[in-house]
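Dear colleague,

Please find below the structure that I am handing over to you.

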Amino acid sequence: MPKVKWQVEKEVQDKEINLILAFKIDNDWTFYAINDDSVSPKISAQINLQANDDCFITIGNATSNNSISEFDKELNRNTSYFMNEGAFTQRIIKKGSCLIKAEISYLVSKKYMTEQGEGGVVFKVKDTILIPLD
């Protein structure tokens, strides 16, 4: 399994906040992007934000940028992914103080060479990050 390290940043303007979920992943691993219409939901990253009380409203869907896009021969479609690092952004309106639970489901893969040719491994991962809104 690759190591994924998360860091949360908040860009605040009054009650509107950009939650930035930045990550770094081990070398040689591919981390698939989010909300890409050309990618099947089975391999696209998904973010779900929850809180016990009604302390925020999401604005639109989470986005990812600076991903690499290319045609994947095995999937026979264009895919978007990250290598080494990336970030997801979700805009919210803060209504109160609380603890947000961010669940991030994503797919990572690694290709490697064997004596028989190219091989690979794929993992579906779910991480949880707690984000305080004060």
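Strands here are runs of at least two residues that DSSP assigns as E, numbered from the N terminus. With that in mind, the elements of the protein, read from the N terminus on, follow the pattern β-β-β-β-β-β-β-β-β-β. The count is 10 strands and 0 helices. Please note that this is a predicted model.

Overall picture

The protein has 134 residues, and 40% of them count as buried. Among the contacts with a separation of 6 or more, 68% are made by residues 24 or more positions apart.

The sheet

S1 and S2 run antiparallel and are joined by 10 bridges; Val4 stands opposite Ile25 in S2. The hairpin of S1 and S2 has 2 residues between the strands, and Asp14 takes a positive phi near 55° in this hairpin. Strand S2 (residues 16-25) also runs antiparallel to strand S8 (residues 85-94), with 9 bridges between them.

Two residues in the strands

Glu16 is found in strand S2 and stands opposite Ile93 in S8. Is Glu16 buried, partly exposed or exposed? Its relative accessible area is 30%, so Glu16 is partly exposed, because the partly exposed class lies between the buried limit of 20% and the exposed limit of 50%. Leaving aside neighbours within four places in sequence, Glu16 is in contact with Glu11, Ile59, Arg91, Ile92 and Ile93. With one of these, Arg91, the side chain of Glu16 makes a polar contact of 2.3 Å. Glu16 and Lys95 are 79 residues apart along the chain, while their C-alpha atoms are separated by 9.4 Å.

Ser64 lies in strand S5. Its relative accessibility is 19%, and Ser64 therefore counts as buried. When residues up to four places away in sequence are not counted, Ser64 touches Ala33, Ile34, Phe82, Ala87 and Phe88.

The disulfide

How many disulfides does a search of the whole structure find? The search finds 1 disulfide, which joins Cys55 to Cys98 with an S to S distance of 1.7 Å. The link of Cys55 and Cys98 is right-handed, with 40° about the S-S bond. Which parts of the chain does the pair tie together? Cys55 lies in the loop between strand S4 (46-50) and strand S5 (56-64), whereas Cys98 lies in strand S9 (residues 98-114), so the link ties together parts that are 43 residues apart in sequence. Both cysteines fall in the buried class: Cys55 counts as buried at 2% relative accessibility, and Cys98 counts as buried at 13%.

Yours sincerely,
A colleague

Terms used:
Residues are numbered from 1 along each chain as its sequence is written. This is a predicted model: local features need pLDDT of at least 70, side-chain atom pairs count only at pLDDT 80 or more; totals for chains, interfaces and linings use all residues. Side-chain values use heavy atoms; hydrogens and water are left out. A disulfide is a pair of cysteine sulfur atoms within 2.5 Å. Helices (H or I, at least four residues) and strands (E, at least two) are DSSP runs, numbered from the N terminus. Buried means under 20% relative accessible area, exposed over 50%, partly exposed in between (1.4 Å probe, protein chains only). Two strands pair if DSSP finds at least two bridges between them. Contact means heavy atoms within 4.5 Å. A polar contact is a pair of N or O atoms within 3.5 Å; within protein, one must be able to donate a hydrogen and the other to accept it, and residues adjacent in sequence count only if both atoms are side-chain atoms.
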